[in-house]
Each structure stands twice: as structure tokens, then as C-alpha cells.
Amino acid sequence: SVFDTSPPSFAKNEAGLLLKKKFKIFGKLQALYSDRDQIFFVKSIENEFILKISNAAEDYKVIDLQDEAAKYIYRKDPRMKIPLRVGSIHTAKKNNEVFFIRLLRYVKGTLMSEIDIDNNTCRRMGTYMGRLSNNLIGFEHPGAYRAFDWDVKQIDLIKKKIKYIKSSNDKSTVHHFIDEFETHVTPVLGKLNQSIIHNDGNDHNIILDKNSNPAGIIDFGDMIYSYKSAEPAVCMAYVALKVRDIKPSISLVLKHYNAIHKLNEFELK
């Protein structure tokens with residue numbers, strides 16, 4: 001899987017050659033962080049792009065899912081800045097492995113992770129994620145139906161990996177939350193709506209405009225067909241990691257998400 005396959009390792013000059021050969025673009029490249037892919041910021045004379053070399057284990061359907069979701073959202077809400085693909089999906093070989101390569105529009109702005117998260121930020125995050133959920137209504141794609149570790153409903157994937165955890169305390173922690181899931185979530189599974197969600201609405205993926213308002217979202221790599229309520233839940237979890245007074249902060253995220261995109265009583269609970 002993409003989680004146990006090393007990221008691509010193209011040197012900057014190799015990536016530059018791919019950029020010229022595949023996309024007919026000349027520009028300066030700057031390597032950016034990615035946990036499983038390889039990403040370069042590209043600055044040409046006229047434009048700025050993202051060159052993304054996907055993990056060798058990535059399924060083409062998942063890559064197409066990301067691109068089609070971005071187009072779907074943009075058609076519904078052109079004001080929402082998202083990394084739309086430029087041109088076609090290409091391939092490149094290195095060390096007998098084949099990699100999918102894409103050029104994406106660069107989303108300008110400030111990462112939300114670069115500012116302090118206060119109550120106003122929580123309100124804006126909730127509102128923005130609710131808006132994103134509205135813009136994904138009706139979107140369907142076969143690539144979203146997959147076995148994926150970052151899907152909160154697929155606890156069987158977690159259970160299979162517990163045996164690899166050496167620490168007994170860590171094992172107990174994982175078992176505790178699986179028990180919590182099976183006690184509180186499993187009985188109401190039929191009441192929880194499902195849809196394709198972005199699944200990674202955190203402060204490293206939300207882009208702010210000059211007035212510190214959320215204006216864009218990046219990194220569609222964790223998209224999945226899952227519980228709709230997981231969309232605000234993921235956002236709330238990342239907020240909880242960065243604030244001291246957790247409950248009021250995450251409550252604001254949920255309240256303002258729900259004001260834009262309604263959840264039912266079971267999803268809220």
C-alpha cells in the first residue's frame with residue numbers, strides 16, 4: 001500500500017526534465033513535504049504550479065477520484081480555491097517502478113497552521129468544511145470505495161495491525177478506542193449517513209486569504225466513501241491537538257459546520 005511503499009525519489013533535476021518533457025513547462029522547482037508522494041512547487045515565468053509524483057503503489061482510480069472531485073467542487077463553487085489538474089496524467093519510470101505524474105494549479109495563500117487557532121478560527125473552519133460538504137453532495141466515483149487505513153469506519157484494518165504494536169500500554173489504548181467505537185458507534189451505524197468526503201480537513205490543508213478567511217483546501221489524497229460526520233470529526237481532532245480548552249473549541253467547529261451542512265441527531269452525538 002502507499003503506507004508501506006517508499007515515496008518516489010526523483011532528484012530535482014530529474015523532476016525538472018519531466019516537467020519539460022511531459023508538460024512543456026520550464027520553471028524553478030522547490031521540493032515540498034509529502035508523507036507518501038513527491039511534490040515540487042514550480043514557478044515558471046507566467047504561472048505557479050504543483051508537480052505531483054504519486055506513490056508507486058497508488059491506484060490510478062484514486063488519482064482520478066481526486067481530480068474529478070476537484071472539478072466537481074469547482075463547477076459548484078468557483079470561489080473555492082482547489083488544486084485543479086492542468087493537462088493530462090502522465091507516467092514516468094525509475095528503478096523499474098512506474099509513477100503517475102500530474103501538474104496541479106498552485107493554491108495561493110497562507111496555511112492555517114501558520115496562525116494561532118482561536119474561537120474565530122474554529123468558527124471559520126467549521127463553516128468552510130460545511131461548505132465543502134455541500135459542494136460534494138451528489139459526487140460519486142469508484143475510486144472512493146477502497147480499503148484505506150485513514151477511513152475511521154474500517155476498524156478491521158486496525159485490528160489486524162494490533163499484533164505489531166510492541167508496547168502493552170499502546171495496545172491497551174488502541175483496544176480502548178475500538179471498544180468505544182463498538183459500544184457507541186456500531187449500534188447506530190444505520191443512522192449515520194455516508195458519502196464521499198475529503199477526510200483530511202486539517203490546518204495544514206486549509207488555505208487562508210489575506211483576511212485570514214478560509215479560501216481553499218488542498219490534498220485530496222485521503223478521500224473516501226465513509227461517514228459524513230467524519231468530515232467535521234477529523235477537523236475537530238486536529239483542532240483538539242492545538243488548543244488548551246478543547247471542548248469549547250471543537251464545539252464551535254461542529255456548531256458552525258452543522259449550520260451550513262446539517263447532521264442528524266445520531267451524527268451529532
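Mentor: Let's start with the counting rule: helices (H or I, at least four residues) and strands (E, at least two) are DSSP runs, numbered from the N terminus. This is a predicted model, so local features need pLDDT of at least 70 and side-chain atom pairs count only at pLDDT 80 or more, while totals for chains, interfaces and linings use all residues. Residues are numbered from 1 along each chain as its sequence is written, and side-chain values use heavy atoms, with hydrogens and water left out.

Trainee: What share of the residues counts as buried?
Mentor: Buried means under 20% relative accessible area, exposed over 50%, and partly exposed in between (1.4 Å probe, protein chains only). The protein exposes about 14,800 Å², with carbon and sulfur atoms supplying 52% of it; such areas come from the Shrake-Rupley method with a 1.4 Å probe, and for residues only the protein chains shown count as cover. Of the 269 residues, the buried share is 46%.

Trainee: What percentage of the contacts with a separation of 6 or more comes from residues 24 or more positions apart?
Mentor: A contact here means heavy atoms within 4.5 Å. Among contacts in the protein with a separation of 6 or more, residues 24 or more positions apart account for 67%.

Trainee: Which residues lie nearest the centre of the second largest pocket?
Mentor: On a 1 Å grid over the protein atoms alone, a pocket is an open set of points with protein on both sides within 12 Å along at least five of seven lines, and lining residues have an atom within 4 Å of a point. This pocket has a volume of about 250 Å³, where grid points are joined across faces, edges and corners and the volume is the space filled by probe spheres set on the points. Its lining has 16 residues, and those nearest the centre are E58, V62, R146, A147 and F148.

Trainee: How many charged residues are in that pocket's lining?
Mentor: Ala, Val, Leu, Ile, Met, Phe, Trp, Tyr, Cys and Pro count as nonpolar, Asp, Glu, Lys and Arg as charged, and the others, Gly among them, as polar. The lining has 9 nonpolar and 2 polar residues, and its charged residues number 5.

Trainee: Is C122 buried or exposed?
Mentor: C122 sits in helix 3, residues 119-135. Beyond four places in sequence, C122 touches I117, V239, S249, L252 and V253. Its relative accessibility is 0%, so C122 counts as buried.

Trainee: Which residues does G130 contact beyond its neighbours within four places?
Mentor: G130 also lies in helix 3, and it is buried, with a relative accessible area of 0%. G130 and K255 are 125 residues apart in sequence but 10 Å apart in space, C-alpha to C-alpha. The contacts of G130 are Y257, I260 and H261.

Trainee: In which strand does S226 lie?
Mentor: S226 is buried at 1% relative accessible area. Its contacts more than four places away include S195, a residue of strand 7 (194-197) that is buried at 17%. S226 itself lies in strand 10.

Trainee: What is the phi of N96?
Mentor: N96 lies in the loop between strand 4 (85-94) and strand 5 (97-105), where N95 is also found. N96 is exposed at 84% relative accessible area, and N95 is exposed at 62%. Although N96 is not a glycine, its phi is positive, at about 65°.

Trainee: And D219: buried, partly exposed or exposed?
Mentor: D219 is found in the loop between strand 9 (214-217) and strand 10 (224-227). Its phi is positive, about 60°, although D219 is not a glycine. At 32% relative accessibility, D219 counts as partly exposed.

Definitions and conventions:
On a 1 Å grid over the protein atoms alone, a cavity is a set of points where a 1.4 Å probe fits but cannot get out, and a pocket is an open set with protein on both sides within 12 Å along at least five of seven lines; lining residues have an atom within 4 Å of a point.
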